Amino acid sequence: MHYNRLGRSGLQVSALSLGSWVTYHNQVDVKAAVELMAAAMDAGVNFFDNAEVYALGASETVMGEALRQLSWPRLNYIVSSKYFWGIDRESSAPINRKDTLNRKYLMQAIDGSLKRFGLDFIDLIYCHRPDPHTPIEETVWAMHSIIEQGKALYWGTSEWSAADIRAAWEVAERHHLHKPVMEQPQYNLLHRRRVEQEYARLYEDCGLGLTTWSPLASGLLSGKYRDGIPEGSRGALPSMAFLREGLTSPARNAAVAQLEPIAQELGGTLAQLAIAWVMKNPHVSTVILGASRVGQLQENLGALALRDQLQAEHMARIDAICTPLAA
Ligand SMILES: NC(=O)c1ccc[n+]([C@@H]2O[C@H](COP(=O)([O-])OP(=O)(O)OC[C@H]3O[C@@H](n4cnc5c(N)ncnc54)[C@H](OP(=O)(O)O)[C@@H]3O)[C@@H](O)[C@H]2O)c1
């Protein structure tokens with residue numbers, strides 16, 4: 001495993017990490033989570049990503065129980081959560097409980113996560129989306145307060161615009177508050193612009209690190225959707241129907257087919273090639289992998305070996321295939 005500093009912070013995060021979106025509670029129970037996390041840790045993974053909204057809190061409960069069973073020393077692993085949508089879907093008074101980054105919601109949401117995880121603190125917390133209805137200053141102060149209370153160690157954003165990230169960083173700088181140190185954007189062969197262009201100045205100016213999501217574009221880049229939607233895959237889940245058009249797009253699957261010879265030349269699989277490509281970006285502190293079973297995780301961890309084999313010539317060929325389709 002390689003380790004990178006999380007942006008300009010002193011925290012060392014494994015170059016590959018493991019997330020729980022879609023999978024935990026829905027496809028992965030506690031027993032399977034223990035197997036996946038143990039396999040990841042054996043390979044040197046030290047970061048496990050989560051969010052309050054994943055399975056409406058149940059993903060945190062599953063991960064917390066898995067961590068209890070695994071009994072790892074607390075110094076050896078990093079866990080995260082993210083806040084914005086809230087999980088109170090039943091309440092007749094949902095105001096302040098969803099789609100917000102106001103102080104009231106954030107200060108209560110962290111307590112819910114700590115209880116579900118069964119932890120004293122969470123290492124990384126994220127503002128899961130920007131909230132145009134709350135002043136950025138209020139959100140920055142709330143994240144600072146949570147850290148000062150010892151309930152979290154570092155904070156960052158997910159899918160914020162460069163302008164909003166810079167505004168948050170400047171509020172923190174002005175008031176000597178804990179600054180956002182990381183952003184969690186989508187980044188893969190077919191989704192590049194924000195990371196490569198919009199954020200370009202933030203890496204140096206603010207010391208921003210990236211913890212990127214969906215390296216396989218939800219599985220598409222593994223090649224598994226070339227002949228339709230396989231049974232038991234993410235694309236077959238009723239709750240993931242919104243992904244189907246993208247997963248079965250003929251143009252995207254044709255591009256995936258063109259990548260196959262490059263993967264073969266390097267002695268790897270399509271999934272490994274796609275993940276290794278994300279790791280090549282020096283601003284990526286960690287690539288958050290997703291896996292519904294251990295075999296997938298083992299394959300994806302093999303991307304480490306491919307990373308150093310990917311030369312400028314391969315990168316140029318990959319660019320020629322993917323850039324015309326990439327967002
Ligand atoms: N901040 C955000 O807004 C945000 C958004 C999304 C995700 N995330 C984070 O990023 C993590 C990773 O995202 P992701 O799950 O979308 O990653 P991904 O790598 O794009 O997709 C993972 C899924 O692809 C399939 N897969 C994985 N490896 C495979 C392989 N070798 N061969 C065939 N199929 C394979 C599995 O689904 P099936 O087996 O079910 O087909 C797996 O669950 C999430 O768990 C979450 O922690 C964050």
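Two strands pair if DSSP finds at least two bridges between them. Strands here are DSSP runs of E with at least two residues, helices are runs of H or I with at least four, and both are numbered from the N terminus. The model is predicted: local features need pLDDT of at least 70, side-chain atom pairs count only at pLDDT 80 or more, and totals for chains, interfaces and linings use all residues. Residues are numbered from 1 along each chain as its sequence is written.

Start with the barrel. Eight strands form a closed barrel in the order β3-β4-β5-β6-β7-β8-β9-β10, with parallel pairing. From one strand to the next, the twist averages 30 degrees. Axes are lines fitted to C-alpha atoms, for helices over the stretch in contact, and angles run from 0 to 180 degrees between N-to-C directions.

Follow the pairs next. Strand β3 (residues 16-19) runs parallel to β10, joined by three bridges. L16 stands opposite V287 there. On β9 (residues 209-212), three bridges again give parallel pairing with β10. Two opposite positions are T212 with V287 and L210 with V284. Strand β8 (residues 180-183) joins β9 through two bridges, also in parallel, and M182 faces G209 across that pair.

Six of the six residues of β10 are buried. β9 is covered on both faces: G209 and T211 are buried on one side, L210 and T212 on the other.

Now the core. In soluble globular proteins, nonpolar side chains tend to be buried together. A nonpolar core is a set of buried Ala, Val, Leu, Ile, Met, Phe, Trp, Tyr and Cys residues joined through C-beta atoms within 7 Å. The largest one holds 96 residues, and L18, M63, I125, L221, A274, I275 and V287 touch the most other members. Helix α10 (residues 270-279) gives this core its largest share, nine residues. Take L221. Leaving out residues up to four places away in sequence, L221 touches N188, L189, L216, V256, L270, A271 and A274. Contact here means C-beta atoms, placed from the backbone, within 7 Å.

Turn to the ligand. A residue is near a molecule if its C-beta atom, placed from the backbone, lies within 6 Å of it. The ligand is surrounded by 30 residues, with G19, W213, L216, G219 and G290 the closest. The shell divides into ten nonpolar, 15 polar and five charged residues. Ala, Val, Leu, Ile, Met, Phe, Trp, Tyr, Cys and Pro count as nonpolar, Asp, Glu, Lys and Arg as charged, and the others, Gly among them, as polar. β10 (284-289) and α11 (294-301) each supply at least two shell residues. The largest share, three residues, comes from α11.

Two loop residues close the tour. Most residues other than glycine have a negative phi. H25 has a positive phi near 85 degrees. H25 lies in the loop between β3 and α1 (30-42), and H25 counts as buried because 20 C-beta neighbours lie inside 10 Å. S214 has a positive phi of about 55 degrees. S214 sits in the loop between β9 and α8 (244-247), and is buried, with 22 other C-beta atoms within 10 Å.

Conventions: A residue is buried if 20 or more other C-beta atoms lie within 10 Å of its own, exposed if 12 or fewer, and partly exposed in between; C-beta atoms are placed from the backbone. Two residues are in contact if their C-beta atoms, placed from the backbone, lie within 7 Å.
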